[in-house]
2 protein chains.
Amino acid sequence: MSTRVIELKRSVFESNDERAELLRKELKEKKIFLLNLMSSPGSGKTTTLKATIAALKDKYNIGVMEADIDSDVDAKKIADTGVKAIQLHTGGMCHLDADMTRQGLDALVEGDVDLAILENVGNLVCPAEFDTGASKNAMILSVPEGHDKPLKYPLMFSICDVVLINKIDVAPYFDFDMEKCKEYIHMRNPKAEIIPICAKTGEGVDVFAKWLSDQVDEWKA
Amino acid sequence: MSTRVIELKRSVFESNDERAELLRKELKEKKIFLLNLMSSPGSGKTTTLKATIAALKDKYNIGVMEADIDSDVDAKKIADTGVKAIQLHTGGMCHLDADMTRQGLDALVEGDVDLAILENVGNLVCPAEFDTGASKNAMILSVPEGHDKPLKYPLMFSICDVVLINKIDVAPYFDFDMEKCKEYIHMRNPKAEIIPICAKTGEGVDVFAKWLSDQVDEWKA
């Protein structure tokens, strides 16, 4: 499947929070669930999405927006799974806001998508500051990054509904303390779901797919 | 050794480029070399610095500024090496500019530092957009992040004088193509030095220490 590249325009609206609430309300009315997936560069967002799509593509009409400063390698990988994928180019911007997300959704949603996923720019800082209008926020922290990240990037952890801890297969080769990590995450956000996974082997992806499916069904109810 | 925490103020100056040039000129006159070290969260900046300090601390008076949004875990780790370390808190900002760097240097440099190192906020996007006034820019890409990162974060790779490829000890457990990675980096920046290292075991750190030492000596000459 070929991929389409959208060059995003910078937003001209003053209040991103208002624009985000408006988008969220519209999506709710249209029964479209939007997941905003964030992480550092290289934490495994695209691989996790591929495994999640495999688990859910018979149940939902999935569409994926891959945001990057440059390149379209991710959208191509997602398109290989058979779902609709578009590439968003941010023009150097370090995050997406609600209006940029809307530009992507306008290109992605043509009638039948009910689970839209935004893979945000790889960045633990700026994307946390801009509400995209998503129904839920998810993030990935990978084992090689270290268990101390919730101490250093507090906002990102505090705004996410679910934190996936990826690359648990390589845990034996890193000084990663899973219990400390969970403690630090809950220090920032007591309500965060924490799901350890290995996107490469598929371990734990069923747990995340179940969580996501529950959220989508509740949103559409 | 105890660490000092500096809460940075947002810059009030319009032209960061001018402020950066001014700072660089002043540092040159004072024979202080400033290295700006950047990477994604968890790529191993602090571990690399510790190994580099061990190699160079008899030759230079080293001072380190650890920039983070929150916490002082990194400054404490660096202070354990016996060199001067201060923690800079960015107040949520995703990068440091020249004036914020100057605020840190004012606190760090009291007479005798000739090699100052700024560990920037973990972020492959925004820090690349703001000249800190550093003598040289360095970045770390770690093996678990993947060899495709120069395709996705072009500006960061294009402004760095040296790219360290860290965590080469775990390469057997990841799909990381070193030759492709070097090709992509040189596509962005033909002049970039590329040095594979393992900060944890010390492998390759001597090559980086030699590179850094050459730069400092040339700067002070």
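Which residues lie on one side of strand 7 of chain B and which on the other, and are they buried or exposed? I started my notes there.

**Entry 1: basis.** I noted that this is a predicted model, where local features need pLDDT of at least 70, side-chain atom pairs count only at pLDDT 80 or more, and totals for chains, interfaces and linings use all residues. Residues are numbered from 1 along each chain as its sequence is written, and chains are lettered from A and ligands numbered from 1 in the order in which they are written.

**Entry 2: strand 7 of chain B.** I found Val162(B), Leu164(B) and Asn166(B) on one side and Val163(B) and Ile165(B) on the other, all of them buried. Buried is taken as 20 or more other C-beta atoms within 10 Å of the residue's own, exposed as 12 or fewer, and partly exposed as in between, with C-beta atoms placed from the backbone. The strand covers residues 162-166, and five of its five residues are buried. Strands here are DSSP runs of E of at least two residues, helices are runs of H or I of at least four, and both are numbered from the N terminus.

I then looked up the neighbours of this strand. Strand 6 (residues 136-142) of chain B pairs with strand 7 of chain B in the parallel sense over five bridges; two strands pair if DSSP finds at least two bridges between them. Ile140(B) has Leu164(B) as its bridge partner. Strand 8 (residues 193-196) of chain B also pairs with strand 7 of chain B in the parallel sense, over four bridges, and Pro196(B) there stands opposite Ile165(B).

**Entry 3: Val163.** In the largest nonpolar core, which has 141 residues, Val163(A) and Val163(B) touch the most other members. Such a core is a set of buried Ala, Val, Leu, Ile, Met, Phe, Trp, Tyr and Cys residues joined through C-beta atoms within 7 Å. Leaving out residues up to four places away in sequence, I listed Met139(B), Leu141(B), Phe157(B), Ile185(B), Ala192(B) and Ile194(B) as touched by Val163(B).

Entry 4: I traced eight strands in an open, parallel sheet with the order 1-4-3-5-2-6-7-8. Its edges are strand 1 (4-7) and strand 8 (193-196) of chain A, each of which pairs on one side only. Strand 2 (residues 33-39) of chain A holds Asn36(A). Asn36(A) counts as buried because 27 other C-beta atoms lie within 10 Å. Beyond four places in sequence, Asn36(A) touches Leu118(A), Asn120(A), Thr132(A), Ala134(A), Asn137(A) and Ala138(A).

**Entry 5: the two chains.** How many residues does each chain give to the contact? I read 30 from chain B and 30 from chain A, where contact is C-beta atoms, placed from the backbone, within 7 Å. Helix 5 of chain B gives the most to the side that touches chain A, with three residues. I also noted that a rotation of 180° with 0.0 Å of shift along its axis superposes chain B on chain A, at RMSD 0.0 Å. That is the relation of a two-fold axis; the superposition is by least squares on the C-alpha atoms of residues with pLDDT of at least 70 in both copies. The copies meet through the same surface, because 100% of the interface residues of chain B are also interface residues in chain A.

Conventions: Two residues are in contact if their C-beta atoms, placed from the backbone, lie within 7 Å.
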